[in-house]
Amino acid sequence: MRTTVGIIGAGPAGLLLARLLRRAGVDCVVLEARGRAYVERRQRAALLEQGAVDVLRACGAADRLDREGVRHEGFELRHRDRRHRFGVAARTGGRANTLYPQTELVKDLIALATADGTPLLFDAPVTAVEGLDGDRPVLRYTHGGREETLECSYVAGCDGSFGTARRTLLATGAARLHERVYPYAWLGVFADAPPASDELILSGHERGFALHSMRSPEVSRLYLQVPAGTTPEDWPDDRMWDELDTRLAVPGHPLHRGPVTDKAVIPLRGQVVEPMRYGRLLLAGDAAHLVPPTGAKGLNLAVADVVTLARGLSHRRRTGSTALLDRYSELCLRRVWQVQEFSHAMTVLLHAAPDADAYERRLRTARLDRLLGPTAAAAEFAENYAGLPMDAPLI
Ligand code: APR
Ligand code: PHB
């Protein structure tokens with residue numbers, strides 16, 4: 001088989017790239033290792049920046065998002081035993097996040113790809129990426145029990161942080177992986193319990209971070225900071241609910257409890273592959289970078305990458321010039337490091353460092369105090385939380 005762009009992975013990055021390329025008249029094929037049901041059921045992020053929503057609307061992928069997504073113009077910050085409303089839209093000229101589960105976005109993008117005839121193969125794991133130094137790279141993959149090949153002009157590595165594309169790019173020795181591993185993790189929980197608030201509740205409690213989020217009016221999504229190396233078994237339901245109440249609840253506003261349907265430990269790390277390109281292989285999304293989930297930026301970074309990549313590939317098709325493609329990594333990394341920095345700062349601000357002494361704990365309290373008023377710190381936080389522009393070069 002032959003195409004212009006071979007896309008590895010049918011997560012948000014690969015599927016949105018396919019949508020953008022289709023509308024730009026650039027032919028592509030998407031190869032996904034897992035089955036459709038698995039990919040559509042995989043619970044991940046849920047908070048879309050205004051810029052990401054605008055991209056989805058512009059490419060005709062936001063019909064259900066506009067019907068079912070919930071606009072979040074701010075969140076509650078639980079600090080000094082009180083819950084304070086932090087207004088995001090009020091500080092950013094009306095920009096706000098939208099809560100729309102990644103599972104739903106993936107379903108929408110798969111339905112669109114299927115409807116417009118984009119070749120999207122499930123149960124088709126890519127086993128090798130070859131010929132990167134030439135102008136006709138080849139993807140080797142298996143499908144239906146057979147070894148197959150896909151000849152491309154470009155390969156978009158959208159196969160996540162453990163995928164073949166990142167492994168192949170790092171094996172060239174022409175790229176390096178920057179990494180920060182945090183000394184704590186998140187216990188992530190789904191519960192059949194109605195959310196206790198319409199908005200997110202974040203807490204930088206002295207005992208540790210906690211977050212109250214949601215997936216629907218019936219399902220709560222909750223997180224607790226736990227020590228690195230924790231297992232779900234360390235946190236029986238009652239202990240978990242009690243700790244969530246300690247860190248998030250305030251008098252008169254308890255959390256609503258209900259059956260826990262999933263409990264997992266999520267490590268916190270930041271990673272960036274530099275550069276994000278080698279020859280005809282270009283990484284996008286988690287294949288290129290991971291952020292600590294505190295700022296909910298992983299999905300939004302993936303959107304920003306593929307907007308830049310689609311623009312470069314479209315420019316090449318229209319003009320024959322690779323000028324934009326040649327700047328892909330440079331343009332993406334400017335935004336990636338800005339978002340890494342914000343995600344890191346928000347993580348340190350809201351998590352209790354296990355080795356922090358009394359002096360450092362009071363410094364963190366002072367930094368949180370600065371978010372509570374009409375301060376420059378609050379304005380800068382809001383700008384980053386609502387999201388940097390998706391397409392304009394930052395500087
Ligand atoms: N061949 C084909 N597909 C592969 C391979 C492979 N060798 N390896 C992995 N994949 C697929 C995975 O099954 C997955 O469906 O690539 C896809 C990668 O999707 P994601 O991991 O969701 O990454 P991305 O599309 O960059 O989206 C980033 O999703 O993981 C969350 O928190 C993350 O919200 C962020 C967003
Ligand atoms: C989530 O709902 O999964 C979520 C929301 C906000 C965050 C992190 C995760 O900052």
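Cys 158 has a relative accessibility of 8%, so it counts as buried. Keep in mind that this is a predicted model. Searching the whole structure turns up 0 disulfides. Cys 158 is in none, and the nearest cysteine sulfur, that of Cys 28, is 10.0 Å away. The cut-off for a disulfide is a pair of cysteine sulfur atoms within 2.5 Å.

Next, Cys 332. This residue is buried too, with a relative accessible area of 4%.

On to ligand 1. There are 24 residues around ligand 1, and those that come nearest are Glu 32, Arg 42, Arg 44, Gln 102 and Asp 286. By class, the shell divides into 10 nonpolar, 8 polar and 6 charged residues. Which helices each supply at least two residues of this shell? Helix H1, residues 12–24, does, and so does helix H8, residues 298–319.

Now the contacts to oxygen atoms of ligand 1. Glu 32 has a polar side-chain atom 2.7 Å from an oxygen atom of the ligand. For Gln 102, an N or O atom in the side chain is 2.9 Å from an oxygen atom of ligand 1. Pro 12 takes part through its backbone: an N or O atom there lies 3.2 Å from a ligand 1 oxygen. How much of ligand 1 does the protein bury? Taken alone, ligand 1 exposes 700 Å², and the protein buries 87% of that.

Last, ligand 2. The residues around ligand 2 include Leu 200, Leu 211, Ser 213, Pro 293, Gly 295 and Ala 296. Also in that list are Arg 215, Tyr 223 and Thr 294, and we will take these one by one. Arg 215 places a polar side-chain atom 2.7 Å from an oxygen atom of ligand 2. Tyr 223 also uses its side chain, with a polar atom 2.6 Å from a ligand 2 oxygen. Thr 294 uses a backbone N or O atom, which lies 2.6 Å from an oxygen atom of ligand 2. Ligand 2 taken alone exposes 280 Å², of which the protein buries 96%. Sorted by class, the shell around ligand 2 holds 5 nonpolar, 3 polar and 1 charged residues.

Technical notes:
Residues are numbered from 1 along each chain as its sequence is written. Chains are lettered from A and ligands numbered from 1 in the order in which they are written. This is a predicted model: local features need pLDDT of at least 70, side-chain atom pairs count only at pLDDT 80 or more; totals for chains, interfaces and linings use all residues. Side-chain values use heavy atoms; hydrogens and water are left out. A residue is near a molecule or strand if one of its heavy atoms lies within 4 Å of it. A polar contact is a pair of N or O atoms within 3.5 Å; within protein, one must be able to donate a hydrogen and the other to accept it, and residues adjacent in sequence count only if both atoms are side-chain atoms. Accessible areas come from the Shrake-Rupley method with a 1.4 Å probe; for residues, only the protein chains shown count as cover. Helices (H or I, at least four residues) and strands (E, at least two) are DSSP runs, numbered from the N terminus. Ala, Val, Leu, Ile, Met, Phe, Trp, Tyr, Cys and Pro count as nonpolar, Asp, Glu, Lys and Arg as charged, and the others, Gly among them, as polar. Buried means under 20% relative accessible area, exposed over 50%, partly exposed in between (1.4 Å probe, protein chains only).
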